[in-house]
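This briefing covers helix packing, nonpolar cores and selected residues. Please read it alongside the sequence and the coordinates.

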Amino acid sequence: MPRRTEILVVGGGLGGVAAALAALRRGRQVVLTEPTDWLGGQLTSQAVPPDEHQWIEQFGCTATYRQLRNGIRAFYREHYPLTEAARSVRHLNPGEGRVSALCHEPRVAVAVIDSMLAPYRSNGRLTVLLRHHPVAADTEGDRVLGVTLRGPDGTDTHVTAGYVLDATELGDLLPLTGTEHVTGFESAADTGEPHAPAAAQPDNMQAISHCFALEYRAGEDHTIDKPESFGFWQSYRPPFWPGPLLGLSAPDPRTLEPGTREFVPDAPVTDVPVLADQSRDPGDRELWSFRRIFSRRLYRPGFAGSDISLVNWPMTDYFEGPVIGDDPAETARHLRGARELSLSMLYWLQTEAPRPDGGTGWPGLRLRGDVLGTEDGLAKAPYVREARRIRAEYTVVEQDLSLAVRGAAGAVSYPDSVGVGMYRIDLHPSTGGDNYIDVGSCPFQIPLRALVPQRMANLLPAGKNIGTTHITNGCYRLHPVEWNIGEAAGALAARCLTDRVPPQGVTADPRRLARFQDELAADGVELRFPDVRGY
């Protein structure tokens, strides 16, 4: 089935949604595709509450990302029986989780994202193809002519477009279109980065995690069937881990010192307001509250019998092998492995986890797949931290923003900034056997050249696949940064269509670049941070 549009956005994660919105606001026709039946990517189908910096309520994101955040809070105030005390909190944190000031149920974010896109569905400018994934692409020289997408019934849809944006979780369009790209860990010789290895390691990538949501029903037994590979994971101990992976002990990501986490379902909230500030506390010492997305005490008495907490912990990081590769069977094996690890962790919690009373196991833990839109209780898709990355006009390297390298000088200031972000350089254990690399960074900018391929004229990255390295992807992969990247990519595609110039014509022309930056700023995209220090 053929379709024609002005801008095709493949991948409906945060970057893809932001890209589509930016193009639609500029009057363009857009087709947006998504392999699951939920838009929102890491925030929704992957079930990861937003990882954000400490200033997010004041500055450091785009106006549309703030609209998304405000919309989530408004949804709770309008539809949930909050206590008057909770309703009056300006910066409501519906889950009172410690990882984020806006821990919430993924399906609420889906509803808000759908509402943001709804006007453009009504006016006919936006077509959304859910449960469609790319299987082929047509190219001619340096241009992508079209992409073939396979739907849930096996039917293929071929979409031709003036611009094609790759917002997929793994950078799927890059090999399909022959776009020059890299994977894994670059060498120190290539990047000069302090933490890079001597030789490139293209198969060395960050762990994936298959998240799940839990509530606790005391006195009930919701123990799942023992997972097929439980025996393997029960005895599995990475060489850099302080004990078996299935347990409550794990390295501290920042110091690598071994430590034991606490886990008590429905533990009462003892500090109000709950601290959710990554600059002061990673928040993962007590695992139930770490990614709690529903805090029952915020709602009228008797409304809910339990909190809901998301499990995305060090112990559920799967790093047995990469999910990017040339062998589909190996990719499928590792995706199954990530699911089995998560289910094994749940089974261990239900049957073997130590309790404060000296007993073992919490059989009352119950999967809440309904809040994730699934029947099996796990997220619709695994949480992906690292994708294929374009060979860009400019590659952001560690020494551009490392707090240890840059210090009081702050991150490198890019003349072609199209946005900002802030997060520690946060690398989880990797398929190459590396432990955490979690080091301080400075508030940084997003250079437009990192969004522009060296060769391709009408393909743009719109997510984790921009010109970063394995290391700097560790701070560019988070929710508000991915959104900003997508928004800039969508705006750039629309501008290039209007001016009839390729992206390389914008980065090479100071006047065009300045006009584009002015356009972004007028649209609420922050191009630089105030004078604040990183962490």
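A crossing is left-handed if the near helix is turned anticlockwise from the far one by less than a right angle, and right-handed if clockwise. In these terms, helix 2 passes helix 4 in a right-handed crossing. The model is predicted.

**Helix 2 and helix 4**

- Helix 2 covers residues 63-79 and helix 4 covers residues 106-122; their axes come within 9 Å and cross at roughly 125°.
- Helix 2 is therefore oblique to helix 4.
- On the helix 2 side, the contact is made by Thr64, Gln67, Leu68, Gly71, Ile72, Phe75 and Tyr76.
- Helix 4 contributes Val108, Ala109, Ala111, Val112, Ile113 and Met116 to this contact.
- Sorted by class, the contact of helix 2 with helix 4 holds ten nonpolar and three polar residues, with no charged ones.

**Helix 1 and helix 4**

- The axes of helix 1 (residues 14-25) and helix 4 cross at roughly 30° and come within 10 Å of each other.
- Because angles under 35 degrees count as roughly parallel, helix 1 is roughly parallel to helix 4.
- The crossing of helix 1 with helix 4 is left-handed.
- Helix 1 makes the contact through Leu14, Val17, Leu21, Leu24 and Arg25, and helix 4 through Ile113, Met116, Leu117 and Tyr120.
- Eight residues of the contact between helix 1 and helix 4 are nonpolar, none is polar and one is charged.

**Helix 12 and helix 14**

- Helix 12 (residues 479-499) and helix 14 (residues 510-522) have axes that come within 11 Å and cross at roughly 130°.
- The two helices, helix 12 and helix 14, are therefore oblique to each other.
- Helix 12 and helix 14 form a right-handed crossing.
- The residues in contact are Ala488, Ala491, Leu492, Arg495 and Asp499 from helix 12, and Arg512, Phe516, Glu519 and Leu520 from helix 14.
- The contact of helix 12 with helix 14 divides into five nonpolar and four charged residues, and no polar ones.

**Nonpolar cores**

- In soluble globular proteins, nonpolar side chains tend to be buried together.
- Here, the largest nonpolar core has 95 residues.
- Ile7, Leu68, Leu165, Tyr476 and Trp483 are the residues with the most contacts inside this largest core.
- A second, separate core has 44 residues, among them Ala250, Leu349, Trp362 and Val384.
- What does tryptophan 483 touch, not counting residues up to four places away in sequence? The list is Leu14, Val17, Ala18, Leu21, Thr62, Thr64, Tyr65, Leu68 and Met116.

**Buried residues in a strand and a helix**

- Threonine 33 is part of strand 2, which spans residues 30-34.
- With a relative accessibility of 0%, threonine 33 counts as buried.
- Not counting residues up to four places away in sequence, threonine 33 touches Leu8, Val9, Val10, Gly11, Gly12, Leu129, His132 and Leu149.
- Leucine 341 is located in helix 9 (residues 328-351).
- The relative accessible area of leucine 341 is 0%, so leucine 341 is buried.
- Leucine 341 and methionine 315 are 26 residues apart along the chain, and their C-alpha atoms are separated by 8.6 Å.
- Neighbours within four places in sequence aside, leucine 341 is in contact with Trp233, Leu245, Leu246, Met315, Thr316, Asp317 and Tyr318.

- Most residues other than glycine have a negative phi.
- Aspartate 266 is not a glycine, yet it has a positive phi of about 60°.
- The loop that holds aspartate 266 runs between strand 11 (258-260) and helix 8 (287-290).
- Is aspartate 266 buried or exposed? Aspartate 266 is buried, at a relative accessible area of 12%.
- Arginine 500, also not a glycine, has a positive phi of about 55°.
- Arginine 500 sits in the loop between helix 12 and helix 13 (503-507).
- Arginine 500 counts as exposed, at 78% relative accessibility.

Methods. Residues are numbered from 1 along each chain as its sequence is written. This is a predicted model: local features need pLDDT of at least 70, side-chain atom pairs count only at pLDDT 80 or more; totals for chains, interfaces and linings use all residues. Side-chain values use heavy atoms; hydrogens and water are left out. Axes are lines fitted to C-alpha atoms, for helices over the stretch in contact, and angles run from 0 to 180 degrees between N-to-C directions. Helices (H or I, at least four residues) and strands (E, at least two) are DSSP runs, numbered from the N terminus. Angles under 35 degrees count as roughly parallel, over 145 as roughly antiparallel, 65 to 115 as roughly perpendicular and the rest as oblique. Contact means heavy atoms within 4.5 Å. Ala, Val, Leu, Ile, Met, Phe, Trp, Tyr, Cys and Pro count as nonpolar, Asp, Glu, Lys and Arg as charged, and the others, Gly among them, as polar. A nonpolar core is a set of buried Ala, Val, Leu, Ile, Met, Phe, Trp, Tyr and Cys residues joined through side-chain atoms within 4.5 Å. Buried means under 20% relative accessible area, exposed over 50%, partly exposed in between (1.4 Å probe, protein chains only).
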